[in-house]
Amino acid sequence: ASSRRMALPAGGALPWLLTGLLFLTTIGVIAWGFGLRSERDTARASLAAESADLADVRSRANATAYTLIPTAQGPELARGTAFIQPEGSGVLEIVNLPPLDAARAYQVWYYPDVDAAPLPGETVTLNAEQIAFSLIPADVGAFQSIGVSVEPAAGSQAPTTPIILLGTVGGARG
């Protein structure tokens with residue numbers, strides 16, 4: 001029962017083996033990096049094509065939809081959607097707001113500028129399904145955002161309660 005030991009050649013093969021392994025790993029990492037770069041370029045090209053497609057669809061659309069979401073004071077599930085036509089007029093749909101007593105109504109507000117006072121819109125009441133609709137008249141002019149608050153049934157010239165729904169429309173023409 002003699003035991004044999006494997007001896008390393010003189011000069012050591014281990015450093016050469018490690019160098020070769022490091023070389024192959026480096027080549028693999030470089031190839032992987034080029035693959036990632038190619039995937040990134042493909043994703044950028046795809047995003048650019050989708051952005052162009054979206055711009056084309058919007059340019060041919062008969063309305064653009066903008067979402068209104070609850071503010072900190074608004075009901076969590078409430079939502080609104082403003083459909084604005086390129087010619088200027090549109091419709092606002094409001095859903096999931098709680099019913100109000102007869103002395104109060106929801107009022108729409110148009111903000112021509114971030115720092116400007118809002119322009120009053122019409123008051124709306126909910127139907128049996130808790131949905132309200134409001135016409136966005138063409139003569140409102142361009143506005144940056146649209147909001148909804150609870151006001152007296154006859155409406156107000158300025159909000160008397162916090163805005164509960166708000167959406168950015170970025171200069172939509174109402």
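What follows is a working chat about a predicted model of a protein.

Colleague: Which residues have the most contacts inside the largest nonpolar core?

Modeller: Those are Leu92, Ile94, Ile136, Phe143 and Ile146, in a core that has 21 residues. At least two residues of this core come from each of β2 (79–84), β3 (90–95), β4 (104–111), β6 (131–136), β7 (142–152) and β8 (163–173), and β7 gives the largest share, with four residues. As a general point, nonpolar side chains tend to be buried together in soluble globular proteins.

Colleague: How do β2 and β3 run, parallel or antiparallel?

Modeller: They run antiparallel and are joined by six bridges, and within that stretch Arg79 stands opposite Val95 in β3. β3 also pairs with β6, again in the antiparallel sense and over six bridges, where Ile94 has Ala132 in β6 as its bridge partner. Ile94 is also among the residues with the most contacts inside the largest nonpolar core.

Colleague: Changing topic, what about Leu135, is that buried or exposed?

Modeller: Leu135, whose place is in strand β6, counts as exposed because its relative accessible area is 52%, and the cut-off for exposed is over 50%.

Colleague: So what does Leu135 touch?

Modeller: Leaving aside residues up to four places away in sequence, Leu135 touches Gly90, Tyr110 and Glu122.

Colleague: Now the charges: how many salt bridges does the structure hold?

Modeller: There are two salt bridges. One is formed by Asp41 with Arg40, where the closest N and O atoms are 3.0 Å apart, and the other is where the side chains of Asp101 and Arg104 meet, at 3.4 Å from N to O. In general terms, side chains of opposite charge can pair when their charged atoms come close.

Colleague: How accessible are Asp41 and Arg40?

Modeller: Asp41 is partly exposed, at 38% relative accessibility, and Arg40 is likewise partly exposed, at 37%. Turning to the other pair, Asp101 has a relative accessible area of 42% and is partly exposed, while Arg104 is partly exposed at 37% relative accessibility.

Colleague: What is the nearest side chain of opposite charge to Glu151?

Modeller: For Glu151 that side chain is Arg104, and it is 9.6 Å away. Glu151 is buried yet has no salt bridge, and its place is in strand β7.

Colleague: Then which side chain does Glu151 make a polar contact with?

Modeller: The side chain of Thr160 is joined to that of Glu151 by a polar contact of 2.4 Å. Not counting residues up to four places away in sequence, the residues that Glu151 touches include Arg104, Gln107, Trp109, Ser156, Pro159 and Thr161.

Colleague: One last topic, backbone angles: what is phi of Asn96, and where does Asn96 lie?

Modeller: Phi of Asn96 is near 65°, which is a positive value in a residue other than glycine, and Asn96 lies in the loop between β3 and β4. Asn96 is partly exposed, with a relative accessible area of 40%.

Colleague: And what is phi of Gln130?

Modeller: Phi of Gln130 is near 60°, which is again a positive value in a residue other than glycine. Gln130 lies in the loop between β5 (119–124) and β6, and with a relative accessible area of 31% Gln130 counts as partly exposed.

Conventions. Residues are numbered from 1 along each chain as its sequence is written. This is a predicted model: local features need pLDDT of at least 70, side-chain atom pairs count only at pLDDT 80 or more; totals for chains, interfaces and linings use all residues. Side-chain values use heavy atoms; hydrogens and water are left out. A nonpolar core is a set of buried Ala, Val, Leu, Ile, Met, Phe, Trp, Tyr and Cys residues joined through side-chain atoms within 4.5 Å. Buried means under 20% relative accessible area, exposed over 50%, partly exposed in between (1.4 Å probe, protein chains only). A salt bridge is a side-chain nitrogen of Lys or Arg within 4 Å of a carboxyl oxygen of Asp or Glu. Lys and Arg count as positive and Asp and Glu as negative; His and the chain ends are not counted. A polar contact is a pair of N or O atoms within 3.5 Å; within protein, one must be able to donate a hydrogen and the other to accept it, and residues adjacent in sequence count only if both atoms are side-chain atoms. Contact means heavy atoms within 4.5 Å. Two strands pair if DSSP finds at least two bridges between them.
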